[in-house]
Amino acid sequence: MKHHLQQIHPLAWTIIIGTMFGRLVTSMSIPFLSIYLTRVLGASPTETGLTVAVSSLAGVLISFYGGYISDRIGRQIVMLVSVFSWAGVFFIFSSAQHLWVFFIANTLNGLCRAFFEPTSRALLSDITPSQHKLLVYNLRYAAINIGVVFGPIIGLYLGSAESTYPFVISGMVYVVYGLVLSFQFHVRRGDLPKHTETHAPSLREALATTTRDRVFLLVLIGTTFCELGFGHFGSTLAQYLTLNPNIEDGSRMFSYMFSLNAMTVLIVQYPIVQTAKKYSPIASLIVGNILIAGSLLLFGWAEGLVLLFISVILFTIGEVLLFTMMDLFIDRIAKPENKGIYFGTIGFNHLGSVVAPVFGGLLLGYFGAENGVSVFVPLALATALGLPFLWRARQHQLSRESKKVFQTSAQ
């Protein structure tokens, strides 16, 4: 393991470590946004859901273009512009006093993420040898969750549910992250993939590249429903715990559940991935969907802390299977010159995260937070709608692999 870690590119380490600190500061502010809007500004569950959802909506609308433009003009420019812009967005959050300002700030938050995330993941793929890619993707995902372990607890004690001050810290950290990236790009410019525009496809040609790939398209649709289920953890569940009259100090409980989610990732990620890598990434996506849908059912039935925590653990295992193996799936299916396009296009599955807060907010508003079963059963069933698409994608993949084996043997 030590030898493998030494083989990781220094720029990849910068992205991994930057991701850890970035998620640390954002997880002590963004997850509390729905609570802040409800408690301090007095926004309704529907208004809160729309304000939280707009970030994902902006990301969906621009995610493809974010990956596409990084293929066209280069990863370096896209990453630097987006990371410094992201810092500015957090400063807007910190000074916001009206709901419409939070709406605009969260829209810009989604745009910055849509440019930075697929580009950074594509760059990791560019600079990492194939035998180390799964390790790098796992380290990045572990870095996310190391940050999320401590972020909510820090946010709780900084009063993130009642103050926007933590956003100032987020903005400062992203400024530092951008400066470090600038330095690394300068020092390691000889290691960066050479960018050429000679054969760069048009936007329409780039989109056609992914939509013609039937396996990818089915996985995109299936994981949209997975994202729908995943999106309820940071939105619907947070409001449910806060508004439920039968739960005492719901915001504190949510912060502990958020940290448990991250700690569980760190504990189970390595053994799960070591097992899952023996099978198709799509098989992992199928199991992940089932676990997330099942955990949502348990959230609705849970009446005590123990069952809530068990639900979080099941949810987290499903999350690990989804998000760790999705990067590996994209890396395997995309050609090197199209990786930015594929990493960007898979961002359309965040449409599920757009729908999640609105759908959950409407159910909470209609049934009330005291009726957990009525709220979470529809959410679980909607998440499970992704299973037929993922199953069909797996069948197409098996058929494609069989044809390749036949053609090879025929030659």
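Q: Which residues have the most contacts inside the largest nonpolar core?
A: Leu-241 and Phe-299 do, in a core of 67 residues. A nonpolar core is a set of buried Ala, Val, Leu, Ile, Met, Phe, Trp, Tyr and Cys residues joined through side-chain atoms within 4.5 Å. Buried means under 20% relative accessible area, exposed over 50%, and partly exposed in between, with a 1.4 Å probe and protein chains only. The largest share of this core, 13 residues, comes from helix 14 (residues 305-333). Helices are DSSP runs of H or I with at least four residues, numbered from the N terminus.

Q: Before going on, where do these values come from?
A: This is a predicted model, where local features need pLDDT of at least 70, side-chain atom pairs count only at pLDDT 80 or more, and totals for chains, interfaces and linings use all residues. Residues are numbered from 1 along each chain as its sequence is written, and side-chain values use heavy atoms, with hydrogens and water left out.

Q: OK. What does Leu-241 touch?
A: Leaving aside residues up to four places away in sequence, Leu-241 touches Ile-247, Gly-250, Met-253, Phe-254, Met-257 and Leu-308. Contact means heavy atoms within 4.5 Å.

Q: And Met-253, is that buried or exposed?
A: Met-253 counts as buried because its relative accessibility is 17%. Met-253 lies in helix 12 (residues 250-276). Its contacts, again not counting residues up to four places away in sequence, are Leu-241, Ile-247, Leu-305 and Leu-308.

Q: How far apart are Met-253 and Leu-305?
A: They are 52 residues apart in sequence, and 8.7 Å apart in space from C-alpha to C-alpha.

Q: Back to Leu-241. Which residues of helix 11 are buried?
A: Thr-236, Leu-237, Ala-238, Gln-239, Tyr-240 and Leu-241. That is six of the eight residues of helix 11 (residues 236-243), so this helix is largely enclosed by the rest of the structure.

Q: New topic: how many cavities of 30 Å³ or more are there?
A: Three. A cavity is a set of points on a 1 Å grid over the protein atoms alone where a 1.4 Å probe fits but cannot get out, and lining residues have an atom within 4 Å of a point. Grid points are joined across faces, edges and corners, and a volume is the space filled by probe spheres set on the points.

Q: What lines the second largest cavity?
A: The lining includes Gly-18, Trp-86, Glu-117 and Arg-140. About 80 Å³ of space lies in this cavity. Helix 2 gives the largest share of its lining, four residues.

Conventions. Helices (H or I, at least four residues) and strands (E, at least two) are DSSP runs, numbered from the N terminus. On a 1 Å grid over the protein atoms alone, a cavity is a set of points where a 1.4 Å probe fits but cannot get out, and a pocket is an open set with protein on both sides within 12 Å along at least five of seven lines; lining residues have an atom within 4 Å of a point.
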